[in-house]
Amino acid sequence: MSGVSGVSGGSPEGPTAAGRPGDGPPTDLTHERLKAYEGKPTAAAGVGKDLVNEPMIRHWCEAVGDTHPAYRGPDAIAPPTMLQAWTMGGLSGHADRSGAYDELSRLLDSAGYTSIVATDCEQEYLRPLRPGDRITFDSVIESVSERKTTKLGTGHFITTRMDIRADGEPAGTHRFRVLKYAPAARPAKTAERPKATEPARAAERPKATEWSRAAEQRTAAERRMSTATEQRTAAEQRMSTATEQPTAPEQRKTPDRRPPRRPRPVINRDNAGFWEGVRGHRLLIQRCTGCRTLRFPWLPGCNACGSPEWGTVEASGAGTVFSYVVMHHPPFPAFTVPDQQADGAGPAAAAAPGAAGPDAADPGAASPYAVGLIELAEGVRMVSNIVGIPYDKVWIGMPVRLEFLCADEELELPVFRVAEGGEG
């Protein structure tokens, strides 16, 4: 059994090319000189600092969300992907490392290859690791590539191989590859392009969907309305200043007592359909038309198969609290919404799914409030407010139901109220 995972950067055997004259650092560092390091040990008879143990296995499983029953109980084994974890030296490191790898790194540094990035690792599993196993290992520089040119820059890939044993028996092999490189020069800034005319800009602009065009039109209209409002306000202020009588305070203009507006969500062509649905009191979930995978929040392409084609499914509104946090902050009037504005719901939802407002039990208070990660009945999760219940009565697994908060005359927000049977 083996596993391979990419870390970052390009593939060492991928479509990289040999450097051209004038690229990157000097070329007087020959590949033959680098290959002399192949086979040199970086660690010999290394010993893991801890036996394989249940607490480390539990922490690992909790961190990555792995609930496989094989990693629990009296016959538990360690997750295979923990293979390297048992060899790590921690902050204090290992005292039994050889100097070959450091020597190779200094040689590359001196030739101008001063940057480093991990590219990938590959593991092969020979036997399960169990609590109580003593881990030993040997590590060697397995290969140093010829000079390669990548998007990051020009350099050499270095692969180390670690052979791992458990109580003296071969347990697995771990290969780790890095790129030591000279960063590519950034392209010089080109002269500023002349401003294009509106027809030219329109020709360059990618074709938008109906939702994105509608969003752009609404945004432009809102800008025009905002400008007109500002102009009227400025004119009113000038008129008020001109007519105000300092000796007659009762005649002065009464200040505007309207509450500040909630911050607006950022709407673009990738999420315009979601907000269009919210305005119609519909919570829409994207569904890939290729692999039928549901996804939330909205994305331009499927994160399962990569397809850019998608449709939507309307959420039923049922859900449960998967997790939650309690927010504490000073009072902010824009997030204090009277109870009746939420069609019977508690106050305060977010300016977008994921933000929130005050506690439902006290609409005007600055007391803590709960923001929940809600698992919808369809299987996806979203972040929003939990309303209609005090923050200290929220519990994981609590059933909730979708409703929509009217934050102001223009803004609707999805929030979640405790469902029947969830108050206990």
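The following conversation goes through a few labels used for this predicted model.

Modeller: Residues are numbered from 1 along each chain as its sequence is written, and side-chain values use heavy atoms, with hydrogens and water left out. Because this is a predicted model, local features need pLDDT of at least 70 and side-chain atom pairs count only at pLDDT 80 or more, while totals for chains, interfaces and linings use all residues.

Colleague: Why is Ala45 called exposed?

Modeller: Exposed means over 50% relative accessible area, buried means under 20%, and partly exposed is in between, with a 1.4 Å probe and protein chains only. Ala45 has 53% relative accessibility, and therefore counts as exposed. Ala45 lies in strand 2 (residues 41-47), where a strand is a DSSP run of E with at least two residues, a helix is a run of H or I with at least four, and both are numbered from the N terminus.

Colleague: Why does Asp167 count as partly exposed?

Modeller: The relative accessibility of Asp167 is 48%, so Asp167 counts as partly exposed. This residue is in the loop between strand 6 (153-166) and strand 7 (169-183), and its phi is near 50°, a positive value in a residue other than glycine.

Colleague: What makes helix 6 (residues 272-279) largely enclosed by the rest of the structure?

Modeller: Of its 8 residues, 6 are buried, so helix 6 is largely enclosed; among the buried ones are Phe274, Trp275 and Val278. Just after helix 6, His281 has a positive phi of about 60°.
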